[in-house]
Amino acid sequence: MIRPVIAELPGSKIREVANAGLGRSDVLAFWFGESDEVTPAFVREAAVASLAAGETFYSHNLGLPELREALAGYTTALHGPVGPERIAVTSSGVNALMLAMQALAGAGDEVVAVVPVWPNLTAQPQILGAQVRRVPLKVERGAWRLDLPALLEAVTERTRVLLVNAPNNPTGWTLERAEQQALLEHCRRTGTWIVADEVYERLYYREGARCAPSFLDIATPEDRLVVVHSFSKSFLMTGWRLGWLVGPARLIEAMGKLIEFNTSCAPVFVQRAGLAGLAQAESFVPGLMVRLKHCRDTLLPALAALPGVSVAVPDGGMYAFFRVAGQDDSAAFAKRLVAEAGLGLAPGAAFGPEAEGWLRWCFASRDPARLTEGVGRLARALGL
C-alpha cells in the first residue's frame, strides 16, 4: 500500500481551477506563476548549440564547474563573496527545496513555516515525515506583514528548520532587513537551520534596489543557512527546470550524494542555457523588471478601484493577492469566474487555510491590456 502521508496529499487547487478552463480559447489565464513571455532567444540558442555539439551525457552531480563559477560570480555581485564550493546546481528550484529538506529534516523533526505559501514548500517536509508548524502572516490594512514575535516564539531548540519564502508567493510580502537579522540571530541561538526560498529576489520593485534583501547579505559562510534559487522567474525559464542552492561548503559536498540519488545531475544543454542567461543577466533582467513593474502598476490600481475589493501593492514577486467582499470560498469563486467570465485566477485556498477567501492574479503579461481586460471581466462578474 502507498504510504498514508502520500495518499492524503491534497491535489493542486490551482490545477483544479485551470482544468475547468482547459480547451477554452476565450479564457484569460492568470492562474500559473509564470510570465507569458518566451525564454530569451540567446538562452534557447545556447541550448540548441549544446545539443548540436552532442552534449547529451551526464555531468558532475553538483553541476558544470563553469556554471557553478558563474553562479558564484552572480551571487557575489548581489550579496558579497560566495565561492563555487558553496553552490549546487539542481533540476529546478523545487528540486533544490526538496534536496534541502532531505538533507536537514526527517521523521519526527519540527519544521516551522511562514504561511501562506506555495503548497510545495510545506508538503515536502510532510512527505519526509516531519511535523510542520505554521506561523501565519497577519493582514494589516489589506497588506500581509510578519508577526515577528509570534515567529520567534515558535522557533525553539526543538525546531530543526525554519522555512521562509520572501518575496512571498502568493502575497508579495518581503522580509525587511531588521526582521532577517532578528531571525538569523535567533536561529543561531536555537541551532535551527534556515531554508530561505528567494527565487523572486530580482522581482523587487523598491526604487533603486537590484534585488530584495537576502539572508546572504548578513550571514557568514558557516551559518546554518540554505538559500534556494531558480532560473524560472528572472530568466523566463519555467519549463527548463533549472535551479541552484547556496549553503555551507560542508553541506554542499553532501548535496552531491543526494543529487545522485534524486536526479544524478541537471541536463548539460539546460545548464548551458543557464550559463547564457547569467552571461547577459544584467542586460536582460533589469528590462524584465521594468516590464513587470508596469504590469503591476497597471493591474493593482484597477483592482483597488473596484468596490468591495481589498488589495495592497506588493513590494516583490509577480502576483496581486486580493479578496472580494462576500466571496469566502475561493475555489468556488475562481471556478465561477472561469465559467462565467472567462477569467482564470488561482484560489487562495491553494496556499493554505490562512489564505482562504483570497485570490492570486499573476500579472506577468507581455500585453498589459490583457490585465485591463481581465479587470473588466471581474467587474462584470461582480455586477459592477
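Me: Which residue in S10 stands opposite Val 89?
Reply: This is a predicted model. Val 89 belongs to strand S2, residues 87-90. Strand S10, residues 243-246, is joined to S2 by 4 bridges, and the two run antiparallel. The residue in S10 that stands opposite Val 89 is Trp 244.

Me: Which residues of strand S2 point the other way from Ile 87 and Val 89, and are they buried or exposed?
Reply: In a regular strand, side chains alternate between the two faces of the sheet. In S2, Ile 87 and Val 89 point one way. The residues that point the other way are Ala 88 and Thr 90, and all of these residues are buried.

Me: Which strands are at the edges of the open sheet of 7 strands?
Reply: The order of the strands is S2-S10-S9-S8-S7-S3-S4, with mixed pairing. An edge strand pairs on one side only, and this holds for S2 and for S4, residues 131-136. On average, neighbouring strands of this sheet are turned by 20° against each other, direction ignored. The edge strands are S2 and S4.

Me: What angle does the direction of helix H4 make with that of S2?
Reply: Helix H4 covers residues 65-79 and packs on the sheet. There H4 touches S2 and S10. The angle between the direction of H4 and that of S2 is about 115°.

Me: What is the relative accessible area of Ser 92?
Reply: Ser 92 is placed in the loop between S2 and helix H5, residues 93-104. Its phi is positive, about 105°, although Ser 92 is not a glycine. Buried means under 20% relative accessible area. Ser 92 counts as buried because its relative accessible area is 3%.

Me: What is omega for the cis peptide bond that joins Ala 166 and Pro 167?
Reply: Most peptide bonds are trans. A cis bond joins Val 115 and Pro 116, with omega about 5°, and Pro 116 is in the loop between strand S3 and helix H6. Pro 167 is in the loop between strand S7 and helix H8. For the cis bond between Ala 166 and Pro 167, omega is about -5°.

Terms used
Residues numbered from 1 in each chain as written. Predicted model: local features only at pLDDT ≥ 70, side-chain atom pairs only at ≥ 80, totals over all residues. Heavy atoms only, no water. Buried < 20%, exposed > 50% of the residue type's maximum accessible area, 1.4 Å probe, protein only. Pairing = 2+ DSSP bridges. Axes fitted to C-alpha atoms, helices over the stretch in contact; angles between N-to-C directions. Contact = heavy atoms within 4.5 Å.
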